[in-house]
Amino acid sequence: MFIYIGLTFLAVLMAVPFYWMLISSVKLNKDVFSIPMEWIPRSFHFENYQEIWEKIPLLTFFKNSTKLTVITTIIQLATSCFAAYGFAKMEFKGRDFLFLAYVTTIAVPWQVYMVPQFTMMSKFGLNNTHVGLIMLHAFSAFGVFLMRQFFLSVPKELSEAARIDGLGEYGIFARVVLPLAKPGIATLTIFTFVNVWNDFMGPLIYLNSTELKTIQLGIRMFISQYAADYALIMAASVCALIPVVIIFIACQKFFVEGVAASGIKG
């Protein structure tokens, strides 16, 4: 009973910021930070949700974010699964050292190599393009590590039996190993989708044109030099949160199973 009470309290505590964002999105800007806090607004201003589409090209930003997120997620799933299969199921010299060196890059903050990376992308002529941002997220050491954990759990006997039946490595990967790693794929899909969709610094650094900007940069446009319309910011944030919620609900079952199976904490 005490465990459930504690979990319920934590769940409510985690939901408070989302509730505050939701009610703030239907307030007047002057009432967002009113003291004392109005947990139930005296009047609801749903016109905020109409105004956010009129003040900035929010639809364009949504399309750009969707394009970048979907393409990057698909590419990262492909590269992570192929690399993880090689590290988990194939024998070659220096495999473990190469995997360790690759996974170690997770510990290197992006801020460390941000400047040389920007210089390199500039020389490639990929600044202010979606292709440049997609290439930056195309490979993920975390994704390789996560999928490798699932592939290692697949018994070698299944691969050997498939090999005896005449399947090649690509056949074993596609018809034996990959179907058994659905929880891992769902988990990586959620992590990648949320990371790319919520990315702010990458588009801020690499995108200059308004028609190329993402939803996160679009929300920032409600902040002017001298003021910020927080009611509209919250309304746009609610809209930006919807795709993430949909993806999480769709993959929730596999996500919980995947996190439990991979041993990820934090």
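Start at α8 (156-164). This helix gives the most to the lining of the second largest pocket, with four residues. Helices here are DSSP runs of H or I with at least four residues, strands are E runs of at least two, and both are numbered from the N terminus. The model is predicted: local features need pLDDT of at least 70, side-chain atom pairs count only at pLDDT 80 or more, and totals for chains, interfaces and linings use all residues. Residues are numbered from 1 along each chain as its sequence is written, and side-chain values use heavy atoms, with hydrogens and water left out.

**The second largest pocket**

Select Tyr85, Ala88, Lys89, Met90, Glu91, Arg95, Lys156, Ser159, Glu160 and Arg163. These residues line the second largest pocket. Besides α8, α3 (58-89) gives two or more residues to this lining. The space inside is about 160 Å³. A pocket is an open set of points on a 1 Å grid over the protein atoms alone, where a 1.4 Å probe fits, with protein on both sides within 12 Å along at least five of seven lines; lining residues have an atom within 4 Å of a point. Its volume is the space filled by probe spheres set on the points, which are joined across faces, edges and corners.

Colour the lining by type: three nonpolar, one polar and six charged. Ala, Val, Leu, Ile, Met, Phe, Trp, Tyr, Cys and Pro count as nonpolar, Asp, Glu, Lys and Arg as charged, and the others, Gly among them, as polar.

**Where α3 meets α4**

Next, select Gly86, Phe87 and Ala88 in α3, then Arg95, Leu98 and Phe99 in α4. These two groups are in contact (heavy atoms within 4.5 Å). The contact residues divide into four nonpolar, one polar and one charged. The helices pack at about 140 degrees, with axes 9 Å apart. Axes are lines fitted to C-alpha atoms, for helices over the stretch in contact, and angles run from 0 to 180 degrees between N-to-C directions.

**The largest pocket**

Now move to the largest pocket, of about 970 Å³. Select Tyr113, Leu136, His137, Phe139 and Ser140, the closest to its centre among 24 lining residues. Then show α5 (110-123), α6 (130-136), α7 (141-152) and α10 (182-197), each supplying at least two lining residues. Which helix supplies the largest share? That is α5, with five residues. The lining holds 15 nonpolar, eight polar and one charged.

**Zoom out**
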